[in-house]
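I opened a notebook page for this structure. Below I write down what I looked up, one topic at a time.

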Amino acid sequence: DVFINEDMVLKSITFSADRCTDCGRCREYCPVEIDLPLGIDRNDMEHCISCLYCFCVCPEKAIGVEGKLGFLEEQIKQYDEIIRNIS
């Protein structure tokens, strides 16, 4: 699999507080240490590098993405359940 930056168009990252169990996994996996998931609600995402680790590891699917996932869409089809169950 090859990452093609132009293939992905990320408009925004969304957060559903009603789905969140505050497990902290999104915060733990964020490579730029954004205070997730609160940072999404506070629009405190200026340091976000769009890696989507938070989106991929959220076991409750409380973090969503608006835009075009490109190459990541196929990865999610194949590995979504495995990635979200990482402890």
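**Aspartate 41**

I began with aspartate 41, which is exposed because its relative accessible area is 52%. My cut-offs are these: buried means under 20% relative accessible area, exposed over 50%, and partly exposed in between, with a 1.4 Å probe and protein chains only. Aspartate 41 has its place in helix H2. Helices (H or I, at least four residues) and strands (E, at least two) are DSSP runs, numbered from the N terminus.

**Ground rules**

The model is predicted, and local features need pLDDT of at least 70, side-chain atom pairs count only at pLDDT 80 or more, while totals for chains, interfaces and linings use all residues. Residues are numbered from 1 along each chain as its sequence is written, and side-chain values use heavy atoms, with hydrogens and water left out.

**Arginine 25**

Is arginine 25 buried or exposed? I found arginine 25 to be buried, since its relative accessible area is 16%. Arginine 25 belongs to helix H1. From arginine 25 to tyrosine 53 I read 9.5 Å between C-alpha atoms, and the two are 28 residues apart in sequence.

**Serine 16 and proline 37**

Serine 16 is in the loop between E1 and helix H1 (25–29). I noted serine 16 as partly exposed because its relative accessible area is 29%. Proline 37 has its place in the loop between H1 and helix H2 (38–41). I then checked the peptide bond from leucine 36 to proline 37, which is cis, with omega near -5°.

**Positive phi**

Most residues other than glycine have a negative phi, and most peptide bonds are trans. Serine 50 is not a glycine, yet has a positive phi of about 60°. Serine 50 lies in the loop between H2 and H3 and counts as partly exposed because its relative accessibility is 29%. Lysine 61, also a residue other than glycine, has a positive phi near 55°. I located lysine 61 in the loop between H3 and strand E2 (63–68). Lysine 61 counts as partly exposed because its relative accessibility is 43%.

**Cysteine 51**

Cysteine 51 lies in the loop between H2 and H3. I put cysteine 51 down as partly exposed, since its relative accessible area is 30%. Cysteine 51 and valine 32 are 19 residues apart along the chain, and 9.9 Å separates their C-alpha atoms.

**The core**

How many residues has the largest nonpolar core? I read 19 residues, and those with the most contacts inside this core are Ile13, Leu36, Ile40, Met45, Leu52, Phe55 and Ile63. E1, H3 and H4 are the elements that give two or more residues to this core. H3 gives the most, with three residues. A nonpolar core is a set of buried Ala, Val, Leu, Ile, Met, Phe, Trp, Tyr and Cys residues joined through side-chain atoms within 4.5 Å.

**Rings**

I looked for a charge over a ring (NZ of Lys or CZ of Arg within 6 Å of the ring centre and within 35 degrees of the ring normal). The charged end of arginine 84 sits over the ring of phenylalanine 55, 5.3 Å from the ring centre.

**Pockets**

On a 1 Å grid over the protein atoms alone, a pocket is an open set of points where a 1.4 Å probe fits, with protein on both sides within 12 Å along at least five of seven lines, and lining residues have an atom within 4 Å of a point. The largest pocket is lined by 18 residues, and Cys51, Tyr53, Cys56, Phe71 and Leu72 lie nearest its centre. Helix H3 (53–57) and helix H4 (71–84) each supply at least two residues of this lining. H4 gives the most to it, with eight residues.

Which residues line the second largest pocket? I listed Leu10, Lys11, Ser12, Ile13, Ile40, Asn43, Met45, Cys48 and Ser50. The largest share of that lining, four residues, comes from strand E1 (residues 9–15).
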